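I opened the notebook for a look at surface patches, helix packing and charge pairs. My entries follow the display.

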Amino acid sequence: MVSTPAERPAIRAALGRTAAFSAIYAAAVVAGRLALLDLTTLGLIGPAAGVGAIWFCVQRRAPTFWVDMLALSGFQYFLNLTMGASINEAVVVAAANLSQALVIVALMARWLPHAWGGGGRDPLRRPRDLWLLVAAAVASATVGAVVRSTGAWLLGDDSEVVGAGIWLTRNVVSIVIIVAFAMSVGNLIAVQHARRATVAGWLRGLAAELAATPGWRIAEHVALVAAAIASYVLVFANRDGLPLLFLLFGPTIWVAVRLSTAFVTFHNLVVTTIVVLFTLNGSGPLAAIEDHASRVVVTQLFVGMIAVVGLVLALSRDERAALADELVRDKGALASQTADTSRHAELMRAVIDSMADGLAVVADDGRVILGNPAARRLLGQPRLDQATVANIHSGLTHPDGRPVDKHEMPHMRALAGEPVQAMDVVVRNPGIPHDRVLRANATTVANGEGGRVAVVLFHEVTAERRHRDELANFAGVVAHDLLNPLGAMVAWADDADTVLAAAPPGEAVAEARRSLAQMQRVAGRMHLLINDLLTYTTARDATLRPADMDLAAMIRDVVTARTDIAPDQAAGAPRITVGTILPVHGDPILVRQLLDNLIGNAIKYTAPGAPARLTVSSTVDGPLVRVAIADRGLGIRPGQHAAIFENFYRAPGTDDYSGTGLGLAICKRIVERHGGTITAADNPGGGAVFAFTLPGAAGPVGAPQRAPRDAARALR
């Protein structure tokens with residue numbers, strides 16, 4: 001395999017690790033051979049299994065992993081040859097150890113990917129990690145035992161079943177004890193590597209940590225070591241075979257409960273070494289077991305039990321501590337979040353309380369959830385609650401003096417799904433010395449419980465309303481007072497024109513008659529303007545007298561009147577199509593004015609020489625009726641669709657058509673006083689569509705009628 005210059009350092013490092021692990025593995029194999037019982041091939045320990053597992057876990061992603069496999073197999077093969085095994089036996093043992101190492105690496109990567117040896121850098125953290133390690137050790141040792149037994153059977157050795165069982169037990173214990181210790185050491189190395197700490201720096205940190213450790217903690221470690229030594233001496237120094245092994249569980253439990261899990265793994269390693277050495281020396285209760293196979297199995301089960309019990313206790317303690325720390329962190333985060341929420345709530349409350357406009361949040365049962373001081377002041381109420389809402393309702397009227405019904409309250413309209421924009425109400429109650437005009441806007445928001453609440457905003461417009469009323473009244477008075485002198489001027493102009501008509505013809509007479517004609521035209525425009533001002537004032541301030549009305553019949557009357565006085569009869573009579581018209585609830589005088597203005601505009605603003613064509617129709621829009629008037633006239637220029645409803649606005653291109661610019665403003669005012677809206681849009685194919693909404697009739701007024709069609713087809 002050819003390597004690139006960039007890959008060579010990694011390959012050299014991997015081969016260096018291979019050489020180091022080869023030496024350690026060879027020493028482990030030799031140690032296992034030295035632990036053979038007299039005149040047998042049974043060893044009390046098998047450290048090579050644990051070392052091989054660590055070796056392959058470290059090197060599993062190395063670019064030269066195949067070299068590691070050859071090295072492990074080669075060492076097993078040659079070491080077994082040197083110790084008297086045949087070539088075939090050496091091959092079988094090497095294959096069994098290689099299979100075992102490969103399986104443990106694969107299972108560690110699959111079951112413990114977060115842990116050191118499985119791809120991560122964590123040590124054992126909880127009992128579940130330990131049981132997964134034990135399961136991986138059992139599975140890998142089983143595979144190795146099956147390979148070893150199968151090879152022995154093929155070689156004709158039928159007595160290998162017992163040997164395979166001992167081999168399995170010894171290797172499982174070896175893997176669990178050595179790999180658990182290596183995971184702790186590997187985690188420490190990985191952490192120091194992540195911190196980029198040198199060996200000297202690590203030693204300085206260890207010294208600083210030791211200096212910061214309380215004296216009693218150091219004393220506890222010393223006492224534990226002394227107790228462990230005393231227990232081991234008491235149990236294994238005697239050669240009488242007394243069953244005192246239970247005494248070793250005391251130090252183990254002490255270590256597991258009080259000291260770190262890393263110290264527990266080191267304790268397990270030391271205990272295993274001491275037990276094996278004393279037993280090999282013929283000292284202690286385990287050495288008294290006569291049968292060699294039983295002695296090996298009992299020794300392995302004992303040290304394995306010591307290791308597992310200690311790790312289970314330590315890891316259970318670590319898991320509880322981790323859960324407690326997480327709970328503390330969660331409580332801290334919750335407390336911080338609660339504090340932030342409280343601060344936000346206080347800030348929002350301060351902002352709401354400082355608002356000059358009134359704000360109220362009302363539930364669907366009339367309960368006031370929130371009301372700021374401005375709302376209480378504007379409504380003239382010392383407090384806001386459900387009872388107060390009833391009191392407020394009894395003191396509210398429309399600007400025209402009509403009481404506000406319960407279903408007309410802003411929050412009730414909003415909760416019913418009707419948007420409330422700029423609804424003017426007059427507040428009259430003992431808490432307010434003079435009438436106060438408030439403009440209400442209301443909408444709904446979710447209450448977090450699957451329902452909705454109404455948010456109502458009140459803005460006082462008393463001064464604005466009073467000022468506007470004064471201007472409107474002034475305009476009305478002036479307009480009314482101007483009609484008398486204007487009428488007299490028109491009459492005098494007519495008389496002068498009559499006199500001049502009887503005078504002898506001449507240049508002076510003709511000039512005088514032209515001047516009189518101009519004066520009459522100007523007087524006519526002035527008369528139209530004054531009438532529009534009076535109409536606007538009426539539409540704005542007159543008391544509404546709403547009633548259910550037959551809108552279809554009213555449209556027929558307006559269409560008939562407008563057709564009779566169409567301005568351009570030479571172009572042909574207007575072609576007006578009326579669809580199904582629904583009854584509405586409104587003031588008949590103002591609604592007629594609305595229809596007359598809109599239908600009159602549709603007829604008037606038509607290209608010269610072209611007949612007027614328009615369609616009138618209606619549809620249901622919730623509690624409202626939507627009426628649309630579509631024409632094929634001049635249309636509306638882009639950007640002018642909202643401006644045409646302003647006072648005295650004259651759309652560009654309409655200078656040749658008579659008008660004051662108040663007609664559509666009057667229409668808008670009439671519609672808004674009825675709680676509706678009016679819009680203008682382009683009509684596909686040319687022209688414009690004016691649509692407005694009015695409240696629907698409470699009950700049937702006759703039946704929805706279709707006015708007679710003329711010969712024209714409906715506009716689409």
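For the first entry I need the patch rule: patches are made of residues with over 30% relative accessible area and no salt bridge, and nonpolar side chains are joined within 5 Å. I am working from a predicted model.

**Entry: surface patch.** I looked for a nonpolar patch and noted Val225, Ile229 and Val233 on the surface. Together they have about 250 Å² of accessible area. I placed Ile229 in helix α8, residues 215–236.

**Entry: helix packing.** Two packed helices are described by the angle between their axes and the distance between the axes. I looked up both values for α3 (residues 65–82) and α4 (residues 87–111): about 140 degrees, with the axes 8 Å apart. The crossing of α3 past α4 is right-handed.

Which residues meet there? From α3 I listed Phe65, Met69, Leu72, Ser73, Gln76, Tyr77, Asn80 and Leu81. From α4 I listed Ile87, Ala90, Val91, Val93, Ala94, Asn97, Leu98, Ala101 and Leu102. I sorted the residues of this contact into 13 nonpolar, four polar and no charged.

**Entry: salt bridges.** Side chains of opposite charge can pair when their charged atoms come close. With a cut-off of 4 Å between side-chain nitrogen and carboxyl oxygen, I get a count of eight salt bridges. I checked the one between Arg349 and Asp353, at 3.4 Å from N to O. Both residues lie in helix α11 (residues 292–354). They are four residues apart, about one turn of the helix.

Terms used. Residues are numbered from 1 along each chain as its sequence is written. This is a predicted model: local features need pLDDT of at least 70, side-chain atom pairs count only at pLDDT 80 or more; totals for chains, interfaces and linings use all residues. Side-chain values use heavy atoms; hydrogens and water are left out. Patches are made of residues with over 30% relative accessible area and no salt bridge: like charges are joined within 9 Å, nonpolar side chains (Val, Leu, Ile, Met, Phe, Trp, Tyr) within 5 Å. Accessible areas come from the Shrake-Rupley method with a 1.4 Å probe; for residues, only the protein chains shown count as cover. Helices (H or I, at least four residues) and strands (E, at least two) are DSSP runs, numbered from the N terminus. Axes are lines fitted to C-alpha atoms, for helices over the stretch in contact, and angles run from 0 to 180 degrees between N-to-C directions. A crossing is left-handed if the near helix is turned anticlockwise from the far one by less than a right angle, and right-handed if clockwise. Contact means heavy atoms within 4.5 Å. Ala, Val, Leu, Ile, Met, Phe, Trp, Tyr, Cys and Pro count as nonpolar, Asp, Glu, Lys and Arg as charged, and the others, Gly among them, as polar.
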